[in-house]
Amino acid sequence: MYKDFQTYLQTTLNEIREAGLYKNERVIITPQSSGIQVEGGKDVINFCANNYLGLADNKELIQAAKDRMDSRGYGMASVRFICGTQDTHKQLEKVISDFFGTEDTILYAACFDANGGLFEPLLTAEDAIISDALNHASIIDGVRLCKAVRYRYANGDMADLEKQLQAAQAQRFRIIATDGVFSMDGNVCPLDQIYALAQKYNALVMVDESHSAGVVGKTGHGVTEQYNLRGKIEIITGTLGKAFGGSVGGFTTGKKEIIDLLRQRSRPYLFSNSIPPMIAAAGLKTFEILTRDNVLQDRLHANTDYFVAKMKAAGFDIKPTQSAICAVMLYDARLSQEFAAALQEEGIYVTGFYYPVVPQGQARIRVQLSAAHTVEQLDKGISAFIKVGKQLGVLK
């Protein structure tokens, strides 16, 4: 049987390669940071990590993880409700709730699990989910696992959302699901308008803050801070794997009864090991750092504004952004790969994104800024983009 299946797989993989869509993994041999070294020893400036606040190699986080591993061990070897809950987990859940102004929090192995395990325990075939068309794959998969009636609205299109909400009045309960920041474009959801429509049409709101928490808002508290809606959104999901230290671990935070029911019925929570104590301890240290001052958020915002302005002035086609994501539009999949490879030769580490990660004909280089970037690194990146852009005919 496998021989026939192997032939099918080989044909499919060859088709992916021929279309210029094959994804190659590059190997890093240093800690994640704004400056890294790749296999072979080449030093490059990193512009494609989710390390928004530069905490992935933070010494305080590393020490907190080491200390907690010494005092609480390496792993839990259990799920939470059997014997996998330590004081560290409960402390982190409380700190996350305080950060977002919510009532309670539940931890997951990843935000993919948080989103995947969210909708099915809460909704039935009597209910409805109204989802933004550009929501993350984890939200899409979570919706697929639920029997609720599905509605979809065009990205950030409030007229379309209202139309879908009107149709969803036929169902019992309704949840509007949206990313806080859409990871491929960098745009922030219009949460104030979403919230107003939810009030008008009696719906709940769910926001994935994975790319917005720690980034968006004056003090980095996410889109609820940006729109002055702290504590008013029923469900927020997020990750410790981006701005909050760059490791693993996800969470859902929100109304107490919602979190209680997820603890009882959310399958990724019930059937996955607890996050290791050292990860939880580093998470605690992250939130401690972020409540001391606003230095990292201010630096990130300044770096983003500087980079985007210079790239636009150079003539690049940049998607409108209110986050730390700068989408440099190239449109052609093969060109995005060639562009990224040429930039790496110039010492700039980026990735070309193309279908199926983004729609057909919407290939791009996604630049992600960090508080760890220096102005010198930003200038080197901009200069390299301009050089390669001219070489490949993107710039005149």
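Q: Is Ala110 buried, partly exposed or exposed: which one?
A: Ala110 is partly exposed, at a relative accessible area of 29%. Buried here means under 20% relative accessible area, exposed means over 50%, and partly exposed is in between (1.4 Å probe, protein chains only).

Q: What kind of model is this, and how are residues numbered?
A: It's a predicted model, where local features need pLDDT of at least 70, side-chain atom pairs count only at pLDDT 80 or more, and totals for chains, interfaces and linings use all residues. Residues are numbered from 1 along each chain as its sequence is written, and side-chain values use heavy atoms, with hydrogens and water left out.

Q: OK, where does Ala110 lie?
A: In the loop between β3 and α5 (111-116). Helices (H or I, at least four residues) and strands (E, at least two) are DSSP runs, numbered from the N terminus.

Q: And what is Ala110 in contact with, leaving aside neighbours within four places in sequence?
A: Gly249 and Gly250, with contact meaning heavy atoms within 4.5 Å. Also, the C-alpha atoms of Ala110 and Gly241 are separated by 7.9 Å, though these residues are 131 apart along the chain.

Q: On to β3: how many of its residues are buried?
A: Five of its five, in a strand covering residues 104-108. Asp104, Ile106 and Tyr108 are buried on one side, and Thr105 and Leu107 are buried on the other.

Q: Which strand does β3 pair with, and in what sense?
A: It pairs with β9 (residues 250-254), antiparallel, over five bridges. Two strands count as paired if DSSP finds at least two bridges between them. Within that pair, Thr105 stands opposite Thr253.

Q: What's the strand order in the open sheet?
A: β3-β9-β8-β7-β6-β4-β5, seven strands with mixed pairing. β3 and β5 (149-153) are at the edges with a single partner strand each, so one side of each has no neighbour in the sheet. The twist averages 20° from one strand to the next.

Q: How do β4 and β5 run?
A: Parallel, with five bridges joining β4 (residues 128-132) to β5. Ala128 stands opposite Val149 in β5. Helix α8 (residues 158-167) packs on the sheet and touches β4, β5 and β6 (174-179), and its direction makes about 160° with that of β5.

Q: What does α11 touch?
A: Helix α11 (residues 256-265) packs on the sheet against β3, β8 (235-239) and β9, and its direction makes about 30° with that of β3. Axes are lines fitted to C-alpha atoms, for helices over the stretch in contact, and angles run from 0 to 180 degrees between N-to-C directions.

Q: Switching to helix pairs: at what angle do α14 and α16 cross?
A: Roughly 25°, and the axes of α14 and α16 (residues 375-391) come within 10 Å. That makes α14 roughly parallel to α16; the classes are under 35 degrees for roughly parallel, over 145 for roughly antiparallel, 65 to 115 for roughly perpendicular, and oblique for the rest.

Q: Which residues make that contact?
A: Among them are Asn303, Tyr306 and Phe307 of α14, and Val375, Leu378 and Asp379 of α16.

Q: Asn303, then: buried or exposed?
A: Buried, with a relative accessible area of 6%. Asn303 is in helix α14 (residues 295-314). Leaving aside neighbours within four places in sequence, Asn303 is in contact with Leu369, Ser370, Ala371, His373 and Leu378.

Q: Last one: how do α2 and α13 pack?
A: At about 140°, with the axes of α2 (residues 59-72) and α13 (residues 277-292) 8 Å apart. That makes α2 oblique to α13.
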